[in-house]
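Here is a short tour of a protein model and its ligand. Have a look at the structure first, and then read on.

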Amino acid sequence: MAKANSAKMLSSILVIGGTGMIGQHLVTASLDAGHPTAVLVRPATADADAGKAKLIEAFQSCGARLVYGDINEHEGLVAAIKQADVVFSAVGHSSREEVEGQLKIVAAIQEAGGVKRFLPSEYGCDVELAEQMLEPARSILGAKRRVREAVRAAGIPHTIISSNWFQGFLLPRAGNPEANGPPDNSVTIFGDGKLQVFFVNEKDMAAVAMKAVEDPRTLNKILHLRHPKNLCSLDQLVSLWENKIGKTLKKTYVREEELVKKVQESPFPLNFQLAVVHATLVAREAKLTEKTTTNGASSGDEVEATALYPDMNYVTVEHYLDSLP
Ligand SMILES: NC(=O)c1ccc[n+]([C@@H]2O[C@H](COP(=O)([O-])OP(=O)(O)OC[C@H]3O[C@@H](n4cnc5c(N)ncnc54)[C@H](OP(=O)(O)O)[C@@H]3O)[C@@H](O)[C@H]2O)c1
């Protein structure tokens with residue numbers, strides 16, 4: 001993370017959820033791009049979690065401004081938003097309630113006025129397909145869709161970041177959310193292993209997001225990250241792993257019915273992760289997603305990052321795997 005260079009006249013950014021897994025990439029990218037950056041942090045967070053306390057210190061030492069607040073505390077939230085041109089939300093998906101909490105951010109943005117861009121906490125797969133998903137993905141991603149609709153209905157200038165699966169979660173596990181680590185001798189493959197989805201690097205997503213907030217082409221659009229080299233099936237992913245470790249793995253294919261049962265019987269968050277695997281890589285409907293994701297072109301209210309920012313050095317699935325120990 002570089003020290004903020006506030007000499008450039010870039011938008012001031014507020015990140016809500018900056019201590020989270022994805023939010024921290026947004027804070028870092030914002031500082032690296034030279035934006036005046038504020039992070040809204042709950043007052044008890046640093047005391048409750050030593051790792052997060054260190055992260056907050058690191059943000060501050062790189063020039064981020066710390067604002068204590070909570071999305072459930074309206075006045076403080078409005079005051080924090082009034083100081084920002086751009087608001088990122090990166091609240092988590094631990095429940096429908098956590099996601100819907102963002103409706104309070106929408107209300108605060110309306111009251112504050114003057115926000116040039118809001119980026120709600122999406123950063124995942126197509127939430128328009130939520131109805132076709134298994135629980136708990138249906139409820140949680142359905143809540144994301146309602147937040148999306150509320151942002152549009154309120155007329156708030158926005159950008160939706162659609163980044164499918166992040167590389168950091170499924171790639172080191174060779175596509176199995178249940179795995180404790182990289183495959184050694186055997187691997188589980190859900191479905192027939194043939195459907196493809198995009199795997200996006202977290203840092204790339206955050207760097208793209210920073211370009212997007214200054215870019216009129218992304219205003220009120222869904223911004224996809226669809227690098228052609230990151231479109232990969234579970235079979236292809238396992239084959240890349242086999243090349244990496246120089247071994248043929250024993251493969252167990254899990255049929256869709258078995259996966260559905262597993263989703264129903266697993267605790268959170270595994271059931272959520274498996275339900276998203278089901279929706280994006282296994283279910284019949286995933287073919288619909290594939291159809292809409294294989295085309296990298298920009299059209300209508302959708303734009304695509306590698307078309308808008310072709311000079312960025314995107315991390316591909318293969319490069320990511322090469323970087324793993
Ligand atoms: N596509 C993918 O593969 C993928 C993977 C993971 C996540 N995602 C998406 O990325 C987004 C962020 O998820 P995440 O896993 O990074 O979440 P996370 O690690 O659980 O972090 C959530 C953040 O929200 C903050 N927060 C929660 N409630 C708050 C409140 N009432 N007021 C203020 N801050 C609050 C938390 O603060 P504290 O530190 O105080 O708890 C934390 O900073 C979600 O939309 C998620 O679905 C996508």
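Predicted model: local features only at pLDDT ≥ 70, side-chain atom pairs only at ≥ 80, totals over all residues.

Residues are numbered from 1 along each chain as its sequence is written, and side-chain values use heavy atoms, leaving out hydrogens and water.

Let's start with the ligand. There are 24 residues around the ligand, and T19, T45, K52, H93 and N164 come nearest (a residue counts as near with a heavy atom within 4 Å). Here are some polar contacts, meaning pairs of N or O atoms within 3.5 Å:

| Protein atom | Ligand atom | Distance |
|---|---|---|
| K52, side-chain N or O | oxygen | 2.7 Å |
| M21, polar backbone atom | oxygen | 2.9 Å |
| I71, backbone N or O | nitrogen | 3.1 Å |

On its own, the ligand has 920 Å² of accessible area (Shrake-Rupley method, 1.4 Å probe), and the protein covers 85% of that.

Now for the loops. T316 is found in the loop between helix 14 (305-308) and helix 15 (317-323); helices are DSSP runs of H or I with at least four residues. T316 counts as buried because its relative accessibility is 5%, where buried means under 20% relative accessible area with a 1.4 Å probe and protein chains only. Beyond four places in sequence, T316 touches Q167, H227, K229 and N230 (contact means heavy atoms within 4.5 Å).

S266 sits in the loop between helix 11 (256-265) and helix 12 (270-282). S266 is buried too, at 12%. Its side chain reaches the backbone oxygen of K262 at 2.6 Å, and, apart from neighbours within four places in sequence, S266 is in contact with N271 and L274.

Notes. Helix = DSSP H or I, 4+ residues; strand = E, 2+ residues; numbered from the N terminus. Buried < 20%, exposed > 50% of the residue type's maximum accessible area, 1.4 Å probe, protein only. Polar contact = N/O pair within 3.5 Å; in protein donor to acceptor, adjacent residues only side chain to side chain.
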